[in-house]
Amino acid sequence: MAGAAVALYAYACQTTGPKGLLDGDVASRVYVAPGEHDEFYAFLSGGFSGQVTVYGLPSGRLLKVIPVFSQYPENGWGYSEETKPMLETSFGFVPWDDAHHPQLSKTNGVPDGRWLFINANNTPRIARISLETFETEEIIEIPQSAGNHASPFITPNSEYVVASTRFSVPVPQRDISIDEYKAAFKGTISFIRADRPGEMDIAFQLLVPGYNYDLAHAGKGPSYGWAFFTTYNTEQANTLLEINASQRDKDFVAAVNWRRAEECVAQGRGRDVAVTYVHNYMGEERVARSERKRGVRVLEPADCEGMIYYLPTPKSPHGVDVDPSGEYIVAGGKLATVIPVHSFSKMLAVIEAKDFEGEAEGIPMLRYEAVLAGEVQNPGLGPLHTEFDGKGYAYTSAFLSSEIVKWKLGTWEVVDRIPTYYSIGHLMIPGGDSEKPWGKYVVALNKITKDRYLPTGPELVHAAQLIDISGERMRLLLDFPTLGEPHYAQALPAELIKDKVVRIYDIQRNRHPYATLSEADARVERRGGTVHVYMTAIRSHFSPDIIEGIRVGDTVKFHVTNLEQDWDVPHGFAAMGVPNAELLIMPGETKTLTWVPRQPGVYPFYCTDFCSALHQEMQGYVRVSPAGANVPLTSNGAGQGKVLASGGGR
Amino acid sequence: MIVARTLLRLSIVLATVGLLAGCDPAEESNSSGGADVDGDNAALVPGLDITEDELKYGIGPIRRVELGPLDAALAARGEELFKMKCMACHRLDERYVGPALRGVTERRTPEFVMNMMLNPGEMVRRHPVGRAMLAAHYTEMPAQNLTEQEARALLEYLRAQAAEGQTSRGGTTENS
């Protein structure tokens with residue numbers, strides 16, 4: 001009894017943190033009062049939604065969905081003429097993808113709040129999102145790749161984001177038997193220049209053995225200039241990988257010296273391969289342009305000695321995470337019974353001494369024991385990913401045992417563990433993969449939800465949990481639903497972003513080629529079979545709002561300019577029967593909806609975003625006549641030559 | 001005379017809206033007002049949560065505007081801005097979404113006109129004239145993200161229009 005009492009006392013004291021918190025205060029830790037703001041922005045990948053979601057922490061409130069790789073009818077992303085080019089690829093228009101790993105841009109190894117990058121896993125691409133507009137501004141396709149999973153992990157000064165092949169494929173792509181896997185299938189690791197908006201490009205690509213490249217992280221501090229990639233399926237199986245890729249005791253962490261690769265490229269080593277890929281960019285005129293690029297510089301290991309090494313690592317490693325000091329490289333061997341931690345300084349010494357165990361397809365293999373800093377024993381089953389709190393501790397997600405395990409860097413001892421609900425994949429500490437984490441919370445991103453919320457049929461949202469890591473013991477604070485399937489996430493203090501967020505687009509800087517910058521210019525114009533509608537929107541009318549003379553078979557382009565210059569006054573535009581989405585037009589912006597009417601009639605259009613007390617009055621009509629009809633093209637726009645009577649009081 | 005008529009009408013509006021204006025924190029802090037050394041009148045208008053100055057000059061960043069002779073270049077810049085940012089809702093000689101604007105510079109102080117452009121949200125919520133106009137026109141005047149220089153150019157344009165229209169227009173439109 002006495003022992004129990006002491007234990008209880010100790011427990012009670014332990015949970016009384018520096019702010020005098022008791023368990024009953026958990027709610028207040030995540031309560032953000034009405035009108036107050038969250039402390040952190042968190043960016044969660046949407047997984048199979050193809051988008052990014054923005055949450056406030058600690059409240060877990062959803063703030064925004066940023067459409068990236070998937071069409072989004074809610075605001076016309078991928079439907080409007082301005083945004084359709086963003087989804088172009090060398091395969092054509094690809095309106096969906098699987099987005100896994102957000103990465104914040106960094107300066108000196110710390111998130112700087114400029115951009116967020118995210119990978120498309122299925123049709124390999126990387127997107128850059130502005131953290132001033134919270135819009136996707138740029139997408140680059142990755143050639144000679146498949147399953148762009150180990151991506152877009154970023155280097156400490158945002159020099160590069162990386163991309164690599166989960167699926168090795170024939171390089172170059174060609175029609176060959178899949179039985180030729182071992183001979184003809186290759187992996188690639190690409191470095192994409194990231195720090196110049198509008199100029200994302202493949203700087204160089206490494207051609208590597210045909211394994212599965214899984215995850216990555218860049219070195220930092222002393223390991224600046226290196227990047228680390230996990231591999232599995234070093235067995236090079238091409239069927240039933242579940243069994244056949246789990247044979248070996250060890251696979252590899254690939255250590256890539258990207259500064260060495262830069263030197264080799266500068267010396268003209270490697271070769272240019274004539275592949276085509278697509279680069280899409282939304283510049284200042286806010287009309288996306290899609291360009292085809294041709295040619296990528298490819299380096300093979302033999303072209304550039306010292307560029308890549310393999311660190312044997314048990315066992316089908318998944319995550320590879322570099323601690324804030326840059327010395328420790330933590331690999332989550334998802335089938336391993338320990339978490340191996342490699343030492344960067346030992347690795348350098350072994351490379352210096354050329355003390356190699358052998359080679360794998362021309363890549364030097366280092367001995368496991370020689371580069372090992374330590375092993376975390378009993379780390380939970382299925383360790384996947386590790387983040388850091390900046391106070392000497394690491395937090396590893398364990399999928400099979402559904403928990404987060406906290407352990408100490410240097411001693412490798414497990415000091416705490418907390419269950420997650422259920423089957424955690426990634427975990428995220430704000431800045432937790434950077435040189436200076438804000439180690440206050442960890443978010444568990446779970447794969448299985450089951451009974452956590454009210455049931456909603458067979459399909460459930462994915463669950464996330466917010467866990468306090470400010471004290472000695474981890475403490476569950478909040479459970480919140482997410483959209484799509486968040487894989488990885490990133491977060492940073494709100495102050496780094498919130499004061500520079502764009503509220504409107506300046507109408508005086510609108511350079512859209514079809515903008516209508518004054519209601520005086522509102523009109524319709526026919527050019528052959530295309531009718532351009534130069535339309536303005538302001539509370540609470542469209543101009544023109546009467547259009548006649550459209551004929552079946554015409555292509556009608558509604559170019560709608562929102563003349564508002566006030567924050568949070570978008571106007572929507574939708575017309576009956578248009579087999580497209582709506583437009584949601586931000587203040588000062590021009591957006592274009594294309595429509596090919598098929599039947600004569602009168603079609604109403606209206607504003608879809610409640611804008612004022614007279615929002616329901618914000619509407620208009622388009623008359624469509626049969627093909628070949630003689631109805632003249634007219635409108636009541638003030639810029640129209642011939643003006644129709646508008647019927648109302650104006 | 002228009003000014004006097006407006007003020008008379010205003011005082012009726014004030015009496016009404018004053019009843020609703022009891023819970024603004026600004027009221028307490030300003031309640032002891034009075035003319036200060038700059039000649040400002042920060043005394044509260046009885047029954048309202050705005051000062052005498054705000055009543056006269058509008059609520060917003062503009063305190064005093066010195067008007068010189070008409071500046072044609074400035075007015076031309078104002079006309080450009082008017083087409084882009086105002087004419088979707090305003091005409092010079094007829095009520096459109098908002099009130100007709102010819103002669104507004106004679107009905108209101110220049111400061112009032114500029115504050116209405118620069119701070120319409122607060123003007124239509126707190127200023128009795130703004131409230132009355134919202135009640136008459138239903139649509140809240142949208143902020144158009146103007147700089148003070150741009151508002152000044154617009155003011156010059158409206159001054160020029162007032163002068164131009166003096167002879168040819170009757171006073172048939174309601175006051176803006």
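Modeller: A word on terms before we zoom in: two strands count as paired if DSSP finds at least two bridges between them. The strands themselves are DSSP runs of E with at least two residues, helices are runs of H or I with at least four, and both are numbered from the N terminus. Keep in mind that this is a predicted model, where local features need pLDDT of at least 70 and side-chain atom pairs count only at pLDDT 80 or more, while totals for chains, interfaces and linings use all residues. Residues are numbered from 1 along each chain as its sequence is written, and chains are lettered from A and ligands numbered from 1 in the order in which they are written.

My pick is β1 of chain A, residues 40-45. Six bridges tie β1(A) to β2(A), residues 52-57, and the two run antiparallel. Within that pairing, F43(A) sits opposite V54(A). The two strands make a hairpin with six residues between them, and G47(A) in the turn has a positive phi of about 55 degrees. β1(A) also pairs with β34(A), residues 489-493, through five bridges, again antiparallel. There, F40(A) has P493(A) as its bridge partner.

How much of β1(A) is buried? Six of its six residues are, where buried means 20 or more other C-beta atoms within 10 Å of a residue's own, exposed means 12 or fewer, partly exposed lies in between, and C-beta atoms are placed from the backbone. In a regular strand, side chains alternate between the two faces of the sheet. Here both faces are covered, with F40(A), A42(A) and L44(A) buried on one side and Y41(A), F43(A) and S45(A) buried on the other.

Further along chain A, four strands form an open antiparallel sheet in the order β26-β27-β28-β29. β26 (383-388) and β29 (414-419) stand at its edges with a single partner strand each, so one side of each lacks a neighbour in the sheet. The twist averages 25 degrees from one strand to the next; axes are lines fitted to C-alpha atoms, for helices over the stretch in contact, and angles run from 0 to 180 degrees between N-to-C directions. Inside this sheet, β27(A) (393-398) and β28(A) (403-408) share six bridges and run antiparallel, with Y393(A) opposite K408(A).

The loops around there deserve a look too. W412(A) lies in the loop between β28 and β29 of chain A. Its phi is near 65 degrees, positive although the residue is not a glycine, and W412(A) counts as partly exposed, with 19 C-beta neighbours inside 10 Å. Another cis bond joins R539(A) and S540(A), with omega about -5 degrees; S540(A) is in the loop between β36 (530-538) and β37 (541-543) of chain A.

N108(A) is one more non-glycine with a positive phi, about 50 degrees. Its loop runs between β6 (103-107) and β7 (110-120) of chain A, and N108(A) is exposed, with 12 other C-beta atoms within 10 Å.

Stepping back, chain A has seven helices and 45 strands, and 52% of its 650 residues are buried. Its C-alpha atoms fill a box of roughly 85 × 70 × 45 Å along the principal axes.
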